Amino acid sequence: GALEIREIVEAALKRSGRTDIEFALPLMVAASVGGAEIFPTLLHWIFLHFARNRSCQERAAAAAINGDQELLLREIYRALRCSTYSVALGPPRKVLADAVVDGMRIPEGALLFAMHPALVDKGLGVTEVDPEEDFSTYAFGVGPRSCLGQKLAEALLPPVVGALLCRYRVSAPPSGAAAEAVEAAMEGEMRGQLIHPAGSPRLQWERREH
């Protein structure tokens, strides 16, 4: 309910160092209206990326185990940068027809917020992320139309992602139809106002031994 959302938002503000409680109102709206769909969508994209990229996953897991929230958040941003979802961050523009830009499929109806910098600035493919680039500076848009939920996302994603990575190692099936489903999911599809993974492929979860 509303009280539970307020408690979550206030706790997130406190963890992120914000003391102006008036800022909670727009965050509550963002969490109530969009967060219920955005948060699991972000988690879906993040763990699809980790399942396909063991080295990225292990860096994030090490950061979580060592309590390095800053490094963990950086790995989370890197995972989002590598996903089709990353083309939907910033002030929206609607795609009028299916398009492919530098190998990335953008489905008809997708709301583009800020064109992915990997496509327009550096000529990199979506899996060739510059390790020195700080995606957090524009992942949620910039200026007056930037996303109000950035601080909430930065407060909630690391503990949730970190808790899972501390307990489990996730991987994609090595071959067969299940592996093909994972690759197909990375293309994304427009559902509602978000680009979701295309389908829900089965990932393999293995408990870590500490």
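Predicted model: local features only at pLDDT ≥ 70, side-chain atom pairs only at ≥ 80, totals over all residues.
Okay, hi everyone. The mean pLDDT for the chain comes out at 74, with 61% of the residues at 70 or more. Residues 115–128 are a stretch to watch: pLDDT there is below 50, though the model still gives this stretch 22 contacts beyond near neighbours in sequence. Where pLDDT is that low, please don't read the coordinates in detail.

Now the overall picture. We've got 7 helices and 8 strands in the chain. There are 210 residues, and 41% of them count as buried. If you take contacts between residues at least 6 apart in sequence, 65% of those join residues at least 24 apart.

Let's go inside. In soluble globular proteins, nonpolar side chains tend to be buried together. Here, the largest nonpolar core has 36 residues, and the ones with the most contacts inside it are I46, F47, F50, L72, V161 and L165. Which elements give two or more residues to this core? They are α2, α3 (54–65), α4 (69–81), α6 (150–167) and α7 (176–185). The biggest giver is α2, with 8 residues.

Take I46 as an example. Setting aside neighbours within four places in sequence, I46 touches I76, A79, L80, L157 and V161.

Next, H49, which sits in helix α2, residues 24–52. Is H49 buried or exposed? It's buried, because its relative accessibility is 3%, and the cut-off for buried is under 20%. So who does H49 meet, if we leave aside neighbours within four places in sequence? The answer is C56, A79 and C82. You'll have noticed A79 coming up again: it is in the contact list of I46 and in that of H49.

Last stop, the surface. There's a nonpolar patch made of V160, L164 and W205, with about 240 Å² of accessible area together. W205 belongs to strand β8, residues 204–207. Its relative accessible area is 43%, so W205 counts as partly exposed: that falls between the 20% limit for buried and the 50% limit for exposed.

Notes. Residues numbered from 1 in each chain as written. Heavy atoms only, no water. Helix = DSSP H or I, 4+ residues; strand = E, 2+ residues; numbered from the N terminus. Buried < 20%, exposed > 50% of the residue type's maximum accessible area, 1.4 Å probe, protein only. Contact = heavy atoms within 4.5 Å. Patch = residues over 30% accessible without salt bridge, like charges linked within 9 Å, V, L, I, M, F, W, Y side chains within 5 Å. Areas by Shrake-Rupley, 256 points an atom, 1.4 Å probe, with all protein chains shown as cover. Salt bridge = Lys/Arg side-chain N within 4 Å of Asp/Glu carboxyl O. pLDDT = per-residue confidence, 0-100. Core = buried A, V, L, I, M, F, W, Y, C linked by side-chain atoms within 4.5 Å.
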